[in-house]
Amino acid sequence: MDRFISSVQKVTAIRRRYGSRCDASLDASGQWLLVVCGCMVYLRIEEKKNFDRMGNTSKKLASQCSLLTKEEQKYVGNTFKAASKNSGRIREDDLIKHWGPLIDPRLAQYLSNYLFDAGSQKAATCDFTRFAELYVYNVRGSVDQKMMVTYRSLGNYSENDELPYQLIKEYCEAIVSTYIKVLKTGSKRAEKWIDKGFRGKAAAVQTLGEAVASGVGSDPDSPPQAVNSKQLSNWLMTDTLLKHMTETVYTTLYGIERDHTTDDGSPLTAVPQMLPTVHGLDSMPDYPAFIDLSHIVWLNNSIPPPLQQKWRFLFSSHIHGESFATMVGRICDQGASIIIIEDTHGHIFGGFATDSWEIGPNFVGREDSFLFTLAPKMRIYGSSGFNNHYQYLNQHTKTLPNGLLMGGQFHFGAIWIPADPFGEGSSAESCTTYRGYKRLSKEKDFRIRSIEVWAVGDKPESDKELGERDVSILDTNPEAKAILEMAGKTRHSDGVREPPPL
């Protein structure tokens with residue numbers, strides 16, 4: 001009877017914790033059937049007794065949580081075993097110590113709030129089920145489950161409460177800080193960027209955290225004082241960067257690395273790499289980097305996914321000199337690219353160009369184009385669809401402006417870099433090409449301190465390369481062609497080629 005009362009108390013505590021999202025009933029076999037956030041969980045009356053008798057191997061621990069896949073059980077169980085020091089429960093101090101090198105102290109406190117509760121309900125230890133819940137709900141949970149974790153982590157709030165925006169902002173900064181720590185300690189991609197001066201500095205980490213948090217409201221520059229459940233739900237569903245960073249953080253904290261695979265050889269986790277590989281800097285031991293690892297993550301998340309895996313260095317005013325002609329020669333016909341400018345006031349901004357740069361009288365580009373700022377704030381200004389003035393490049397003409405322009409009109413560009421004198425530029429007060437646009441530079445007319453251009457994705461094949469690829473070996477060997485024709489043989493490739501242009 002004592003065990004029954006203890007179990008009723010446990011079920012009551014769980015129902016109090018999850019509120020309307022939990023229902024419970026006692027079946028004929030002596031088990032409590034709980035439905036928590038849409039998931040069925042059986043709780044035996046003798047659960048604690050059986051748990052105490054259970055062996056301390058990670059396999060036995062993992063078998064207590066049906067939320068985990070077979071492959072996850074091994075790694076999550078090993079992490080629990082290490083943090084609990086081979087016991088059936090984890091103490092808060094031991095867990096924070098185990099995660100210590102990787103986790104931001106603020107995030108450690110938020111996770112402790114969920115695992116051990118907060119205030120008067122704070123528990124001394126945490127069992128494996130709740131430990132596994134935190135991983136599952138954050139990595140592949142429903143929106144309701146992610147909301148529940150967020151409310152509890154930030155201080156035992158409920159879905160009926162409004163969360164202070166400042167608390168959301170600090171939470172995002174803690175996630176970003178931990179994500180950058182993870183990159184800096186275990187990513188070969190990050191190691192190459194860091195080696196070239198892209199450090200992951202605290203100021204940029206904080207700015208990225210603010211940028212992610214600003215998406216919770218309708219206007220990033222005027223965030224709400226408090227965040228309601230509808231705003232929180234929409235944010236958790238739509239913010240892809242927050243999702244990717246959160247998944248990376250939790251899979252790392254729980255011991256699931258990118259190279260771990262399932263029995264059939266497929267990746268155990270599908271978390272994407274948000275940091276691209278860097279190409280073109282191997283011969284530059286002292287690259288003059290003026291942007292940060294956090295800036296790269298922010299920008300790379302905003303470009304189309306097919307282009308996110310590779311950044312190819314094209315031009316830097318510090319390396320190649322302040323020459324418009326040199327810049328044009330290095331950036332043309334390279335595919336999609338990102339231009340990044342720092343003015344003499346420390347504002348960093350630029351644009352993503354969807355098409356190869358080419359000299360000509362017309363605007364080119366597509367609606368995936370956007371403008372951005374990196375400092376003092378990180379913001380993205382996507383296409384409005386009002387016009388197609390995405391990118392323009394010209395030089396040595398007498399009737400049209402000579403320079404590089406992104407957005408707006410001639411003489412009123414969102415970004416305008418004249419060919420002469422190179423080193424100056426302007427950013428208009430308004431621009432209808434991009435939605436929500438605000439002037440990018442500190443002042444309308446600016447001096448360029450640094451400018452660099454990166455191509456993203458693979459370099460497209462030129463018309464010449466495409467033409468050569470379509471040439472048959474017989475086209476270059478007329479004697480072999482004549483022999484085939486004399487023998488009455490058919491050239492099968494003739495029937496599958498594209499017809500020549502008219």
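## Overall picture

A contact here means heavy atoms within 4.5 Å. With that in hand, among contacts in this predicted model between residues at least 6 apart in sequence, 63% join residues at least 24 apart. The secondary structure comes to 18 helices and 18 strands.

The protein has 502 residues, and 49% of them count as buried.

## A salt-bridge network around Asp221

Let's turn to the charged side chains. The whole structure holds 20 salt bridges. Glu210, Asp221, Lys377, Arg379 and Lys438 are linked in a network of them.

Asp221 and Lys377 meet through their side chains at 4.0 Å, N to O. This pair links distant parts of the chain, 156 residues apart: Asp221 sits in the loop between helix H11 (202-214) and strand S7 (226-227), while Lys377 is in the loop between strand S12 (370-375) and strand S13 (379-382). Asp221 also forms a salt bridge with Lys438, at 2.9 Å, N to O. Lys438 lies in the loop between strand S17 (424-426) and strand S18 (445-456) and Asp221 in the loop between H11 and S7, so this pair ties together parts that are 217 residues apart in sequence.

How accessible are these residues? Asp221 is partly exposed, with a relative accessible area of 28%; Lys377 is partly exposed at 38%, and Lys438 is partly exposed at 39%.

## A bridge from Asp458 to Lys310

The side chains of Asp458 and Lys310 form another salt bridge, at 2.6 Å, N to O. Here too the pair links distant parts of the chain, 148 residues apart, with Asp458 in the loop between S18 and helix H17 (463-469) and Lys310 in strand S9 (residues 310-316). Asp458 counts as exposed because its relative accessibility is 57%, whereas Lys310 is partly exposed at 23%.

## A positive surface patch

Lys181, Lys184, Arg199 and Lys201 gather in a patch of positive charge on the surface. One of these residues, Lys184, belongs to helix H9 (residues 165-186) and is partly exposed, at 42% relative accessibility.

Is Asn301 buried or exposed? Asn301 counts as buried because its relative accessibility is 15%, and buried means under 20%. This residue is found in helix H14 (residues 293-302). Leaving aside residues up to four places away in sequence, Asn301 touches Thr240, Leu241, His244, Met274 and Gln308.

Asp93, by contrast, counts as exposed, at 52% relative accessibility. Asp93 lies in helix H5 (residues 92-99), and its C-alpha atom is separated by 9.5 Å from that of Ala83, 10 residues apart along the chain.

How values were computed. Residues are numbered from 1 along each chain as its sequence is written. This is a predicted model: local features need pLDDT of at least 70, side-chain atom pairs count only at pLDDT 80 or more; totals for chains, interfaces and linings use all residues. Side-chain values use heavy atoms; hydrogens and water are left out. Helices (H or I, at least four residues) and strands (E, at least two) are DSSP runs, numbered from the N terminus. Buried means under 20% relative accessible area, exposed over 50%, partly exposed in between (1.4 Å probe, protein chains only). Patches are made of residues with over 30% relative accessible area and no salt bridge: like charges are joined within 9 Å, nonpolar side chains (Val, Leu, Ile, Met, Phe, Trp, Tyr) within 5 Å. Accessible areas come from the Shrake-Rupley method with a 1.4 Å probe; for residues, only the protein chains shown count as cover. Lys and Arg count as positive and Asp and Glu as negative; His and the chain ends are not counted. The place of a charge is taken as NZ of Lys, CZ of Arg, CG of Asp or CD of Glu.
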